[in-house]
Amino acid sequence: MAMKKVLIVYAHQSAGSFNAAAKNAVVEVLRAQGCQVEVSDLYAMKFNPSATADDITGEVKDAEHFHYGEETMLAWKEGRLSADLTEEQRKLSAADVVIFQFPMYWFTVPAIMKGWIDRVLTMGFAYTSEQRYSQGIFKEKKAMLSFTTGSSESMFSSNGINGDINITLWPLQNGILHYCGFQVLAPQIFWAPHHISSEARSTMLEAWRTRLQGLLGEMPLSFTPSDSFDCERGFQLKEVIEEKHKSEDFGLTVGTHLGKRIPPNSQIKSGV
């Protein structure tokens, strides 16, 4: 087997945090398997999260009506993106697997990581209108979320106060990772490590280390293929597929639910 290259996009301010320990476990276990592991430590790098015209060297096409997506796509094509973006895109291009390690803030990623997503995943480099979802540019790569929560698992259940974690993860896993074509591995969720004993935290880390032993061979989560949607009808689900699914108890996915019940655990377990 060829050596796999792994990129960890890491966002935590403290080297003594549980997130740091989870990140270090990835480095140790996957390097022991012969992987080449690179880490983008966003806080240590003082990564700039703001997407602005400063991301482009030289003149912009239309300064008066600046359009970040179009301007950065042109700059990417012409090799005029700022050095920090070029470096992160280099890492991403080289990677077979990308792991995002972070504490969940406000039901999503921290601002510095959202800035990495906004700035690094430029139009043209990471997606186009023709190359997205199952036909996406990164369809040969795998990606996953690994994160800590401040709330317990029960609070993120279908009848919990935070709501179903599957719904929480849909914008991140479908709207960012799958949108760019990644094969999305099931997330690694560390439920409220701040509120449990050190022994329980150690058990969490050991379970993560065990999972990492077979991570590269895991099957990805399931998403509805792009060719299931009719571009002539505004990219709505094709009528033949909708008709075929009428008798099913559940919708196709969290997002394409057809007014039916949402498939349980479809964003946290593969094969469901």
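Start by selecting Val6 and Val37: Val6 sits opposite Val37, which belongs to strand 2. This is a predicted model, so keep that in mind as you click around.

Widen the view to whole strands. Select residues 5-10 for strand 1 and residues 36-41 for strand 2. These two pair in the parallel sense, over 6 bridges. Then colour residues 97-103, which are strand 3. Strand 3 runs parallel to strand 1 and is joined to it by 5 bridges.

Is strand 1 enclosed or open? Of its 6 residues, 5 are buried, so the rest of the structure largely encloses strand 1. If you show side chains here, remember that in a regular strand they alternate between the two faces of the sheet.

Next, select residues 18-32, helix 1. Together with strand 1 and strand 2, helix 1 makes a right-handed β-α-β unit.

Time to look at the core. Which residues have the most contacts inside the largest nonpolar core? Pick Leu92, Val98, Phe100, Met113, Trp116 and Leu121. That core has 68 residues, and helix 1 gives the most to it, with 8 residues.

Zoom in on Trp116. Leaving out residues up to four places away in sequence, Trp116 touches Leu7, Val9, Leu42, Phe47, Glu88, Leu92, Phe100 and Leu121.

Now for some charged pairs. How many salt bridges does the structure hold? There are 12. Select Asp84 and Arg119 for one of them: their closest N and O atoms are 2.9 Å apart. Asp84 is in helix 3 (residues 83-94) and Arg119 is in helix 4 (residues 111-120), so this pair ties together parts that lie 35 residues apart in sequence. Asp84 is partly exposed, at 31% relative accessibility, whereas Arg119 is buried, at 1%.

Stay in helix 3 and select Glu87 and Arg90. Their side chains meet in a salt bridge, 2.8 Å from N to O. The two residues are 3 apart, about one turn of the helix. Arg90 is partly exposed at 39% relative accessibility, and Glu87 is partly exposed at 33%.

Jump to helix 6, residues 198-214, which holds Glu206 and Arg209, again 3 residues apart. Here the salt bridge spans 3.9 Å, N to O. Glu206 is partly exposed, with 47% relative accessibility, and Arg209 is partly exposed too, with 24%.

Met73 is partly exposed, with a relative accessible area of 22%. Beyond its neighbours within four places in sequence, Met73 is in contact with Met123 and Gly124. Then draw a distance from Met73 to Glu243. They are 170 residues apart in sequence, and their C-alpha atoms are 39 Å apart.

Finish by selecting residues 4-212, which an unreviewed UniProt entry annotates as "domain: Flavodoxin-like fold". Over that stretch the chain is 36% helix and 15% strand, and the end C-alpha atoms are 13 Å apart.

Note on methods:
Residues are numbered from 1 along each chain as its sequence is written. This is a predicted model: local features need pLDDT of at least 70, side-chain atom pairs count only at pLDDT 80 or more; totals for chains, interfaces and linings use all residues. Side-chain values use heavy atoms; hydrogens and water are left out. UniProt positions are given in the numbering used here, feature names are shortened, and annotations may be inferred rather than shown by experiment. Helices (H or I, at least four residues) and strands (E, at least two) are DSSP runs, numbered from the N terminus. Buried means under 20% relative accessible area, exposed over 50%, partly exposed in between (1.4 Å probe, protein chains only). Two strands pair if DSSP finds at least two bridges between them. A crossover is right-handed if, with the strands pointing away from the viewer, the path from the first strand over the helix to the second runs clockwise. A nonpolar core is a set of buried Ala, Val, Leu, Ile, Met, Phe, Trp, Tyr and Cys residues joined through side-chain atoms within 4.5 Å. Contact means heavy atoms within 4.5 Å. A salt bridge is a side-chain nitrogen of Lys or Arg within 4 Å of a carboxyl oxygen of Asp or Glu.
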